[in-house]
Structure formats: C-alpha cells, structure tokens
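Open the structure in your viewer and keep the selection tool at hand. The tour moves from one selection to the next and says what is there.

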Amino acid sequence: MRMNRRNFIKTAGVVGVACCGGLGCSNLLASEKYPTAPLQSESQLPDMLRIDICTMCQLNCPGCWRNCPPKEGGGPQGLGMMPFKNFKKIVGSHDIKTIELVASGEIFLNPDLIDILKFCHKKNISLQALGGVNGNTISDEVINALVDYGVKEIAFSIDGASQDVYSIYRRGGNLDTVINNIKKINARKAEQGSEFPKLTWKYVIFGHNVCEMKKARKMAKELNMDFSYADNWFVGYSPIAKKDLAFVEREKRSLNEHYSTEVDFLRYNVCAGLWYFPQINWNGRLMGCCINYWKDFDVDVVKVGLLNALNHPDYIYAKKMLSGEAPPSNNVGCTQCYGYQDMRKTGKYVT
Ligand code: SF4
Ligand code: SF4
C-alpha cells in the first residue's frame with residue numbers, strides 16, 4: 001500500500017525532530033543554510049545524527065514499512081541491528097550533540113543498547129527516541145539504564161486504551177506489558193530523582209480506535225506522559241468514520257497546535273535531514289532522511305567515516321536536486337519520493 005502525497009507529508013509530523021529553525025540558523029541566507037558544496041572539514045559536520053540501531057521488531061503491524069512497497073519485506077533498510085562497535089565508529093570523535101535512535105524497528109531488541117546509552121552519556125550526547133517504540137520488551141537492566149544514562153525523551157506508540165483495541169493494529173503487542181514498563185521507568189525516575197527520560201504517548205488515529213482517544217489521553221496524564229496524535233498513513237486501512245471526523249479534528253487541534261499539511265513542513269523537517277540530521281541505517285549505509293524507502297546512498301559510514309560518506313557524489317547530488325540546482329537522477333532515492341515530486345511540481349525546493 002503506497003502512501004499518498006497528503007499522508008506522506010503528514011508522516012513528517014510523526015518524526016518531530018529538530019528542524020533547521022531549531023538549529024539556530026534561521027537568520028542565515030538560504031545558500032548558507034543549505035549549501036550544496038562538499039564539506040571541507042569535520043568542523044562542518046552536522047551535530048545531530050539519526051541512527052537506526054535496530055530495524056527488527058517483535059510485532060507485526062499491518063502498516064509497518066516492512067509490509068509495504070516499494071518491495072515486499074521493505075525497502076533498502078533490510079532487517080538487522082547495529083553492533084555497538086559500529087555505533088562507536090560512526091560517532092568517532094565528532095562533536096555530535098544529539099542522536100535520534102530511529103525506530104524502523106524496536107530499539108529495545110538491540111542487545112548492545114546499554115553500551116550505546118553508556119557511551120553517549122559519557123560523551124554528553126543527548127539521546128532521544130521520538131520516532132516511537134512499542135515498549136513490549138524492555139529488560140529491567142535497560143529500564144534502569146534509560147534513566148541512569150539520562151536518555152532525554154522517548155515516544156511510545158500506543159494506539160488504544162484497552163488490549164482489544166490496541167492489539168488490532170499492534171499485532172502481537174500486550175498493552176499491560178507496555179504500561180507496566182512505563183511504570184517501571186517512572187519508578188526508576190522517582191528513585192533517582194530524575195525527570196528523564198521524558199515520556200510521550202503517541203496515538204496513531206485509526207477508525208477503530210477513535211472511541212478510546214479520550215481514555216488514552218487520561219491514562220497518559222496518569223502516567224505523567226505527554227500525549228500526541230499522529231495520522232495513519234496506511235492508506236485505506238481502518239479509515240475514520242465520517243461521523244467521527246469532526247471530533248477527531250477537534251481532538252488533534254487541541255494538542256498539535258503546530259500540526260501542518262504544508263509541503264514546507266516536510267522540506268524543513270525531513271529533507272533538511274540531509275544537511276542537519278542525516279540518517280544512517282543499522283548496517284552503516286547512509287539513508288539521508290528518515291523516510292527514504294527507495295534507495296540508500298551506496299556508502300557505508302562505518303567503513304569510510306562520516307565526512308567521506310556525506311561527501312559521496314550521490315549525496316552531494318541529492319542536495320543539489322533538493323535545492324533545485326540539478327535534475328532528478330536515478331542514483332538518488334529522492335527521485336521516487338512524493339516529497340521531491342511535489343517540489344518539482346511547485347518549484348518550492350529546499351532553499
Ligand atoms: S511496532 Fe513499529 S516497527 Fe514494529 S511492526 Fe509495528 S510499526 Fe513496525
Ligand atoms: S525528497 Fe528525499 S530527503 Fe526529502 S523526504 Fe523524500 S527521500 Fe527524504
């Protein structure tokens with residue numbers, strides 16, 4: 001099932017990571033904000049990375065990327081986990097300030113997670129997992145490490161307030177287990193006197209779970225969690241009934257004040273990742289952005305290092321395409337992306 005343009009753009013809202021405006025560069029000239037020349041030195045590397053440490057998952061949600069085109073079993077991500085030694089090599093001695101532990105799978109299944117948390121804590125790197133975890137399998141050791149190593153924020157994808165409704169989409173998941181894991185994190189936070197990690201309950205809205213939206217908000221509050229809604233981009237699956245649309249829109253607006261369907265939002269929150277928060281796959285392959293389901297950049301960051309990877313000719317060319325300086329190329333996944341196709345139609349590039 002393909003995403004349509006509108007839902008694709010909305011997916012960007014799910015990502016919720018730093019945008020260019022949040023990186024303190026909004027006063028720069030456009031060409032300075034999104035330069036397309038190769039990086040001259042390590043000092044020009046971005047200070048945020050998105051590293052997909054595990055694309056494997058114990059659940060089987062019908063709309064998961066691995067069940068969707070471009071090909072059965074997913075796109076170029078493949079299934080696997082990044083070992084700590086490779087994570088360490090990628091970060092190296094670069095001045096990385098923030099890492100999003102991306103969630104194409106379930107980060108808690110990576111057996112090296114504690115080493116990763118410990119390493120980042122030592123290097124004063126702020127960790128977040130805002131893409132969404134399912135939270136069904138978290139060992140007590142990992143729960144303690146999340147708090148003790150000061151992970152900043154985690155979003156839990158919980159699309160129901162009862163087991164019956166939750167498990168319609170999160171197939172194989174157990175709501176009680178998830179809630180229990182959240183309570184354990186809260187208990188550890190209280191024990192250590194820490195406010196981190198901040199927890200968010202992320203509720204993807206389907207037709208079948210509209211009835212539990214309010215109850216879920218209440219449960220989140222009781223668990224001291226922020227609450228956010230996200231749109232379902234699995235087109236055609238469990239659509240919202242017409243009679244519920246007005247209620248759903250009201251509920252969303254009441255929380256997501258910055259909610260936007262503008263192409264601008266995609267460009268500056270996802271495509272901008274090529275410049276400011278590039279995504280690296282579990283196997284070291286450079287993906288560029290968080291929703292590149294088409295083609296990676298054919299370069300292994302672990303082998304060649306961050307600077308060389310980000311200077312790969314196809315990556316530089318992708319920046320030129322997104323800036324409107326170069327025509328589409330089949331070597332670049334963006335060519336097949338709805339976001340880029342929108343840019344070509346509208347002439348609104350990343351500038
Ligand atoms: S929890 Fe996320 S990664 Fe796991 S199957 Fe569901 S959508 Fe996919
Ligand atoms: S155009 Fe490229 S960088 Fe932008 S969202 Fe699509 S694949 Fe990602």
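Bear in mind that this is a predicted model.

Start by selecting Y149. Leaving aside its neighbours within four places in sequence, Y149 is in contact with L117, K118 and H121. Y149 sits in the loop between α5 (140-148) and β4 (153-157).

Next, select α5 together with α7 (residues 175-192). Their axes come within 9 Å and cross at roughly 45°. This makes α5 oblique to α7. The crossing of α5 and α7 is right-handed. To see the contact, show I143, N144, L146, V147 and D148 in α5, and N181, K184, I185, R188, K189 and Q192 in α7. The residues of this contact divide into four nonpolar, three polar and four charged.

Move on to ligand 1. Around ligand 1 are C57, L59, N60, C61, C64, G105, E106 and N134. By class, this shell has four nonpolar, three polar and one charged residues.

Finish at ligand 2. Select V270, C271, L274, G288, C289, I291, N292, G333, C334, C337, G339 and Y340, the residues around ligand 2. Which helices each supply at least two residues of this shell? They are α10 (263-271) and α15 (338-346). The shell around ligand 2 has eight nonpolar, four polar and no charged residues.

Terms used. Residues numbered from 1 in each chain as written. Chains lettered and ligands numbered in written order. Predicted model: local features only at pLDDT ≥ 70, side-chain atom pairs only at ≥ 80, totals over all residues. Near = placed C-beta within 6 Å. Helix = DSSP H or I, 4+ residues; strand = E, 2+ residues; numbered from the N terminus. Nonpolar A, V, L, I, M, F, W, Y, C, P; charged D, E, K, R; others polar. Contact = placed C-beta atoms within 7 Å. Axes fitted to C-alpha atoms, helices over the stretch in contact; angles between N-to-C directions. Parallel < 35°, antiparallel > 145°, perpendicular 65-115°, else oblique. Left-handed = near helix turned anticlockwise from the far one by under 90°.
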